[in-house]
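Thanks, everyone. Let me put the structure up, and then we'll walk through it piece by piece.

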Amino acid sequence: MDFTVVSEITDNIATVTLKGSLDSASASVFQEEIQKLIGQPIKDLVLRVSELSFMASAGLRMIIFAKQKLGSAVNIFLVSPQDQIIDTLQMTGFIHSVHIVDKYPK
Amino acid sequence: MGSQIHTYTFNASLEVLEEIRNLISQKGNEHGYSKKEIYNLTLAVDEIATNIINHGYIEKGIKKGTFNMLIELHEKQLIVRLVDGAVPYNPIDQNLPSEELLNTPLEDRPIGGLGIMIAKQSVDEFKYEFIEGKNNNIFVVNKK
């Protein structure tokens, strides 16, 4: 499935909606979106991923990239990831560094 | 049913990853593998195919490289085999990220090194063979 990414910033909260397949071919599109956020006052990065059907390690690298570029104080939320993506976050230890939530704000 | 083997050839370009995943999903579905088994297999193959395309071809400046994928459907197993003629590379030999690294906060982590670990952990068996001058990366899923 084609990958799409849309972002917006409201009240220091960056919301990025990811849909489709995030692999090493499409990761650069996500990276460009993160680069737009660099330098802005962001408290929370909210990744809406309920319609993200596939995520390879290239997607994990983009989460690391976001954390390193936006600053370690930024909280990263993943809203409604599919079970298989949670498995990947678990396997790689990412589960400890991101917040998995059913909805945002709670 | 007897065994079936389907063979496909791809250009060494990241654009082919989606088609690779779609082909595996289609064959896995047709033969009764679960959504989770199929996802994990496509993830493992995607990670290694990415490495082959990036490190074996693109970074070496090889413009018109191709590699093969075989999907083998046996009575009790689904096997995917990636066969490439790029520089010999055995992913099994690579050091996996340590437990310590996996517990390191993201802001302190190096970018990369997770793909092979994901591949190994996502299938029942992940093997490498060097046969007639070619890298063979082999992914085995057992029928439950």
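Start with helix 1 of chain B, residues 17–30. This helix lies across strand 1, strand 2 and strand 3 of chain B. Its direction is at about 10 degrees to strand 2 of chain B. Keep in mind that this is a predicted model.

Now the sheet under discussion. In chain B, 5 strands form an open sheet, in the order 1-2-3-5-4. The pairing is antiparallel. Which strands stand at the edges? Strand 1 (4–11) and strand 4 (125–131) of chain B do. Each has a single partner strand, so one side of each is left without a neighbour in the sheet. On average, neighbouring strands of this sheet are turned by 20 degrees against each other, direction ignored.

Two pairings in that sheet deserve a look. Strand 2 (residues 66–73) of chain B runs antiparallel to strand 3 (residues 77–84) of chain B, and 7 bridges join them. For a landmark, find Asn68(B): its bridge partner in strand 3 of chain B is Val83(B).

Then go to strand 4 of chain B. Strand 4 pairs with strand 5 (residues 134–142) of chain B, antiparallel, over 7 bridges. Here the landmark is Glu125(B), whose bridge partner in strand 5 of chain B is Val140(B). Strand 4 and strand 5 of chain B form a hairpin, with 2 residues between them. In the turn, Glu132(B) has a positive phi of about 50 degrees.

Back to helix 1 of chain B. How does it cross helix 2 (residues 35–58) of chain B? The two axes come within 9 Å and cross at roughly 150 degrees. The cut-off for roughly antiparallel is over 145 degrees, so helix 1 and helix 2 of chain B are roughly antiparallel to each other. Their crossing is right-handed. On the helix 1 side of chain B, the contact residues include Leu17(B), Ile20(B), Arg21(B) and Ile24(B). On the helix 2 side of chain B, among them are Ile38(B), Leu41(B), Val45(B) and Ile53(B). By class, the residues of this contact divide into 8 nonpolar, 5 polar and 2 charged.

Hold on to Arg21(B). Its side chain meets that of Asp23(A) in a salt bridge, 2.8 Å from N to O. Asp23(A) lies in the loop between strand 2 (13–22) and helix 1 (27–37) of chain A, while Arg21(B) is in helix 1 of chain B, so the pair joins two chains. Over all chains, the count comes to 11 salt bridges.

That takes us to chain A. Helix 1 of chain A and helix 2 (residues 57–70) of chain A have axes that come within 10 Å and cross at roughly 10 degrees. That makes the two helices of chain A roughly parallel. From helix 1 of chain A, the contact includes Phe30(A), Ile34(A) and Leu37(A). From helix 2 of chain A, it includes Met62(A), Phe65(A) and Leu70(A). This contact has 9 nonpolar, 2 polar and no charged residues.

Two backbone details to finish. Where is Ser80(A)? Look in the loop between strand 5 (75–79) and helix 3 (83–91) of chain A. Ser80(A) is not a glycine, yet it has a positive phi of about 55 degrees. Last stop: the peptide bond from Tyr104(A) to Pro105(A) is cis, with omega near -5 degrees. Pro105(A) lies in the segment after strand 6 (99–101) of chain A.

Methods
Residues numbered from 1 in each chain as written. Chains lettered and ligands numbered in written order. Predicted model: local features only at pLDDT ≥ 70, side-chain atom pairs only at ≥ 80, totals over all residues. Heavy atoms only, no water. Pairing = 2+ DSSP bridges. Helix = DSSP H or I, 4+ residues; strand = E, 2+ residues; numbered from the N terminus. Axes fitted to C-alpha atoms, helices over the stretch in contact; angles between N-to-C directions. Contact = heavy atoms within 4.5 Å. Parallel < 35°, antiparallel > 145°, perpendicular 65-115°, else oblique. Left-handed = near helix turned anticlockwise from the far one by under 90°. Nonpolar A, V, L, I, M, F, W, Y, C, P; charged D, E, K, R; others polar. Salt bridge = Lys/Arg side-chain N within 4 Å of Asp/Glu carboxyl O.
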